[in-house]
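Please look at the sequence and the model before reading on.

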Amino acid sequence: MVFIIVLLLNAYALYSRSTINNEMPSGQEIVDYAMCYVSDGEGLNNKKLLDCSGFTRSVYAHFNINIPSSSRDQMNLINCTDIELLGPGDLLFFMTNGKTISHVGIYICENKFIHSPGKYDKVRIDSITDKYWQKRYIC
């Protein structure tokens, strides 16, 4: 119960700092809010209804940043960068279907990213250096 209260207070603190003051959130603030979705059944995503692009869109919408609803359209908004230059809060794109951009996540740090593997899966943290993700990373 204490964990839930701390989680909600952290989310509120992020909201009040970024949206009330009309400031752009830092990458770390984006990551901190996204981490609220990682759960053991108590987080924001305990109903498991967000696909990858819905997750990123929901996180950014929290900060009044409107991004498109598909991973492919989200990628069209950014300039791709080398993996070594990624910072917290940056979007990562993957080709998981072998044809086109089909997955997106949010970079945390140290080669880790947070994402929703699918509509019926929980949000989780993975490493870009895992063979599966490394082979499919686009930008």
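## Basis of the report

The structure is a predicted model, in which local features need pLDDT of at least 70, side-chain atom pairs count only at pLDDT 80 or more, and totals for chains, interfaces and linings use all residues. Residues are numbered from 1 along each chain as its sequence is written, and side-chain values use heavy atoms, with hydrogens and water left out.

## The chain as a whole

The protein chain contains five helices and four strands. Helices (H or I, at least four residues) and strands (E, at least two) are DSSP runs, numbered from the N terminus. Along the sequence, their order is α-α-α-α-β-β-β-β-α.

Of the 139 residues in the protein chain, 41% are buried. Here, buried means under 20% relative accessible area, exposed over 50%, and partly exposed in between (1.4 Å probe, protein chains only). The chain exposes about 7900 Å², and carbon and sulfur atoms supply 52% of this area. Accessible areas come from the Shrake-Rupley method with a 1.4 Å probe; for residues, only the protein chains shown count as cover.

A contact means heavy atoms within 4.5 Å. Among contacts between residues at least 6 apart in sequence, 51% join residues at least 24 apart.

## Met 75

Met 75 belongs to helix H4, which covers residues 71-75. With a relative accessible area of 19%, Met 75 is buried. When neighbours within four places in sequence are set aside, Met 75 is in contact with Phe 93, Ile 101 and Cys 139. Met 75 and Phe 93 are 18 residues apart in sequence, and their C-alpha atoms are 7.0 Å apart in space.

## His 103

His 103 lies in strand S2, residues 103-109, and is buried at 4% relative accessibility. Not counting residues up to four places away in sequence, His 103 touches several residues, including Cys 52, Ser 71, Phe 93 and Trp 133.

The side chain of His 103 also makes a polar contact with the side chain of His 115, at 2.9 Å. A polar contact is a pair of N or O atoms within 3.5 Å; within protein, one must be able to donate a hydrogen and the other to accept it, and residues adjacent in sequence count only if both atoms are side-chain atoms.

## The salt bridge

How many salt bridges does a search of the whole structure find? The search finds one. A salt bridge is a side-chain nitrogen of Lys or Arg within 4 Å of a carboxyl oxygen of Asp or Glu. Arg 124 and Asp 126 form the bridge, with their closest N and O atoms 2.8 Å apart. Arg 124 is partly exposed at 38% relative accessibility, whereas Asp 126 is buried at 13%.
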